[in-house]
Amino acid sequence: MIEQYWNEFLALAVIHLLAVIMPGPDFVVTVRQSIRFGRINGIVTALGIGVGLSVHVIYTLLGISALMQGSELLMMIAKFIGAGYLLYLGVQLVCSKSSGSSLKIDNNINGEADKQTLLRAFSIGFFTNATNPKATLFFLAAMTSVVSITTPINVQIFYGAWMCFVNAFWFTLVSILFSAPAARSWFNEQLLLMERTLGVVLIVFAARLAFL
């Protein structure tokens, strides 16, 4: 059945890919996780981001995103929840403490990663994406401007599953890149500065989300 909706799917896929590769909170969180806790935690965070996107897919298919768009109060609540979570992560990074010396790659992988469970890594990725109301606006705009109202629900579910996969795949690549030994060796020497910089970036994202 998907063959007859190929043009529609391709248009939606391109728009979504362009949105995904633009740096945002998901990118910042994935980079930090990969540098600080290693490749496995970074990849699990990326999987959490992909699954987090399913929240937006589900409520868009249910029509809730249109309801939120039509209610200024609901959108304001969603914005402040998302901004609050990003602010929480940002403050954590800004207030991070130095370990006293640069982390060795092997020690960082075997020791530092043990300080964060995979469930924690997954939940960070999940909530970073799931609490972002800008994704609500994206899905509402994309689904109403690209996807026809006559497109069957099972095809729309396929669209949503594809976008979740692309999110997870893209941020997995980001994790692999930033957790490479050469990259981590350099970033670990600047770990405290790196984390505080990423924390400030997340705080800026939170402010933009809350007040723009």
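Me: R32 is found in helix 2. Why is R32 called buried?

Reply: This is a predicted model, and the value comes from its atoms. The relative accessible area of R32 is 16%. Buried means under 20%, so R32 is buried.

Me: What does R32 touch, not counting residues up to four places away in sequence?

Reply: R32 touches F37, L93, E195 and L198. One of these, L93, is itself buried in helix 5. E195 and L198 carry numbers that fall within helix 11 (191-211).

Me: T30 is found in helix 2 too. Why is T30 called buried?

Reply: T30 has a relative accessible area of 0%. The limit for buried is under 20%, so T30 counts as buried.

Me: Which residues is T30 in contact with, leaving aside its neighbours within four places in sequence?

Reply: T30 is in contact with G42, I49, F171, V174 and S175. Contact means heavy atoms within 4.5 Å.

Me: Why is the span of helix 2 said to agree with its number of residues?

Reply: The expected span is 1.5 Å times one less than the number of residues. For the 13 residues of helix 2 this gives 18 Å, and the end C-alpha atoms are 18 Å apart, so the two agree.

Me: What follows helix 2, and what is its phi?

Reply: G38 follows helix 2, with a positive phi near 100 degrees.

Me: Why is the span of helix 5 (residues 72-94) said to agree as well?

Reply: The 23 residues of helix 5 should span 33 Å at 1.5 Å a residue. The end C-alpha atoms of helix 5 are 32 Å apart, which agrees.

Me: Which residues are buried in helix 5?

Reply: The buried residues of helix 5 are M75, A78, G82, A83, Y85, L86, L89, G90 and L93. An α-helix has 3.6 residues a turn, so residues three or four places apart point the same way.

Me: R39 is found in helix 3 (residues 39-61). Why is R39 called partly exposed?

Reply: R39 has a relative accessible area of 35%. Buried is under 20% and exposed is over 50%, with partly exposed in between, so R39 is partly exposed.

Me: What does R39 touch, not counting residues up to four places away in sequence?

Reply: R39 touches S34, S175, I176, S179 and A180. R39 and T172 are 133 residues apart in sequence, with their C-alpha atoms 8.9 Å apart in space.

Me: F165 lies in helix 9. Why is F165 called partly exposed?

Reply: The relative accessible area of F165 is 46%. Exposed means over 50%, so at 46% F165 is partly exposed. The C-alpha atoms of F165 and S54 are 9.7 Å apart, although 111 residues separate the pair in sequence.

Me: L119 lies in helix 7. Why does L119 count as exposed?

Reply: L119 has 65% relative accessibility. Exposed is over 50%, so L119 counts as exposed. L119 and G48 are 71 residues apart in sequence and 9.3 Å apart in space, C-alpha to C-alpha.

Me: How many helices and strands does the secondary structure of the chain come to?

Reply: The chain has 11 helices and zero strands. Of its 212 residues, 48% count as buried. Among contacts with a separation of 6 or more, 90% join residues 24 or more positions apart.

Me: How much of the accessible surface belongs to carbon and sulfur atoms?

Reply: Carbon and sulfur atoms hold 72% of the accessible surface, which comes to about 10,900 Å².

Me: What lines the largest pocket?

Reply: There are 23 lining residues, with A19, M22, P25, N132 and K134 nearest the centre. The space in the pocket is about 590 Å³. Helix 8 gives the largest share of the lining, four residues. Helices supplying at least two residues each include helix 1, helix 2 and helix 7. The lining divides into 14 nonpolar, six polar and three charged residues.

Note on methods. Residues are numbered from 1 along each chain as its sequence is written. This is a predicted model: local features need pLDDT of at least 70, side-chain atom pairs count only at pLDDT 80 or more; totals for chains, interfaces and linings use all residues. Side-chain values use heavy atoms; hydrogens and water are left out. On a 1 Å grid over the protein atoms alone, a cavity is a set of points where a 1.4 Å probe fits but cannot get out, and a pocket is an open set with protein on both sides within 12 Å along at least five of seven lines; lining residues have an atom within 4 Å of a point. Grid points are joined across faces, edges and corners, and a volume is the space filled by probe spheres set on the points. Ala, Val, Leu, Ile, Met, Phe, Trp, Tyr, Cys and Pro count as nonpolar, Asp, Glu, Lys and Arg as charged, and the others, Gly among them, as polar. Buried means under 20% relative accessible area, exposed over 50%, partly exposed in between (1.4 Å probe, protein chains only). Accessible areas come from the Shrake-Rupley method with a 1.4 Å probe; for residues, only the protein chains shown count as cover.
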